Amino acid sequence: MYHAVAAEPNEATRDLSVTPEAFAEQMAAIADRGLTPIGTAELAAAWRSGRPLPKRPVLITFDDGYEGVHRHALPALARHSFPATLFVSTGWLRGPYDTGGALDTMLDWDQVRELAAASVEIGGHSHTHPQLDQLAEERLRYELIHCKEIVADQVGTVPASFAYPYGYSDRRVRRAVRETGYAQALAVGNGLARRVQGPYALRRVTVRRSTGPDEFARLVEGRAIARAFARDRALTKGYAVLRRARQVRGRVLGTGA
């Protein structure tokens, strides 16, 4: 799971960004190890049909829709003929639906269409990037449906996959994503994606600015992932307690964000 690919990101995106040079080296590492990148739609279709996946499959995904995906990541992907999946928050992209909430320079829709034409699958990531499990039902459905409709209108293809903003979901959110028509959805979890997780809670591992070559090699080979993200998991558990308390309070007060 990538976010921004930028030489000089702003402070809001720095930790979850990678440099263009690091990204190019990471794609070369994937190629050198004989891994086979696939799209999320291909994964969903294979698992539903029972068809075998290619040898050593890996998903290369980007969240949000930062401009560097087009400027820096696309040339590196093209160099190896790698497919990837970009999950866009439609209200963050530059253009007619921009809500002004983006954290850094974002893609515009012409760039998104160019990515789609270059084997980058375009998936949904909500409209305004909220914590979906904190939303009341009407707002939740709006975020999912509006995002799907905008992607379909701008790209010409209905998005098959969805990624939860911040990785957050619960049973209600996952049901809404399924009922909106997405074939599968990706969380974070910092673990390997496995069929037992179900199609609407697939895990990914985070690649960030501090991810060095050795750590990246371990991640793509599925080694020592739990140790690499031990601190992240501890923080996530603590924050989950706080967020559940907020959910309960919101429902008692009749709000729900």
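This report walks through a predicted model of a protein, from its overall make-up down to a few single residues.

## The big picture

Let's start with the whole chain. The protein has 257 residues, and 47% of them are buried.

Now pick out helix 4, which covers residues 109–117, and helix 5, which covers residues 137–155. Their axes come within 10 Å and cross at roughly 75°. Angles from 65 to 115 degrees count as roughly perpendicular, so helix 4 is roughly perpendicular to helix 5.

Which residues meet where these helices touch? Helix 4 brings Trp109, Val112, Arg113 and Ala116, while helix 5 brings Ile150, Val151, Gln154 and Val155. Sorted by class, this contact of helix 4 with helix 5 has six nonpolar residues, one polar and one charged.

## Inside the cores

The largest nonpolar core holds 50 residues. Which of them touch the most other members? That would be Phe23 and Phe62. If you skip the neighbours within four places in sequence, Phe23 is in contact with Tyr2, Val5, Val18, Phe62, Ala73, Ala76 and Leu77.

How many aromatic pairs does the structure hold? Six. Look at Phe162 and Tyr164: their ring centres are 5.8 Å apart and the ring planes sit at 70°, so this pair is edge-to-face. Phe162 and Tyr164 are both buried.

Elsewhere on the list of rings, you'll meet Phe23 and Phe62 again. Ring pairs link these two and Tyr2 into a cluster.

## A buried spot in a loop

Next up is Val205, found in the loop between strand 10 (202–204) and helix 7 (213–220). Is Val205 buried or exposed? The cut-off for buried is under 20% relative accessible area, and Val205 has 16% relative accessibility, so it counts as buried.

What does Val205 touch? Not counting residues up to four places away in sequence, its contacts are Met1, Asn190, Gly191, Leu219, Ile225 and Phe229. Take Leu219 from that list: it is 14 residues from Val205 along the chain, and the C-alpha atoms of the two are separated by 7.4 Å.

## Two residues with positive phi

Finally, here are two backbone details to look up in the model. Arg56 has a phi near 50°, a positive value in a residue other than glycine. You'll find Arg56 in the loop between helix 2 (40–49) and strand 4 (57–59). With a relative accessible area of 36%, Arg56 is partly exposed.

Tyr166 also has a positive phi, near 65°, and is likewise a residue other than glycine. Where does Tyr166 lie? Look in the loop between strand 8 (161–163) and helix 6 (171–180). Tyr166 counts as partly exposed, at 45% relative accessibility.

Terms used
Residues numbered from 1 in each chain as written. Predicted model: local features only at pLDDT ≥ 70, side-chain atom pairs only at ≥ 80, totals over all residues. Heavy atoms only, no water. Axes fitted to C-alpha atoms, helices over the stretch in contact; angles between N-to-C directions. Helix = DSSP H or I, 4+ residues; strand = E, 2+ residues; numbered from the N terminus. Parallel < 35°, antiparallel > 145°, perpendicular 65-115°, else oblique. Contact = heavy atoms within 4.5 Å. Nonpolar A, V, L, I, M, F, W, Y, C, P; charged D, E, K, R; others polar. Core = buried A, V, L, I, M, F, W, Y, C linked by side-chain atoms within 4.5 Å. Buried < 20%, exposed > 50% of the residue type's maximum accessible area, 1.4 Å probe, protein only. Phe/Tyr/Trp six-rings, centres within 6.5 Å; stacked < 30°, edge-to-face > 60°.
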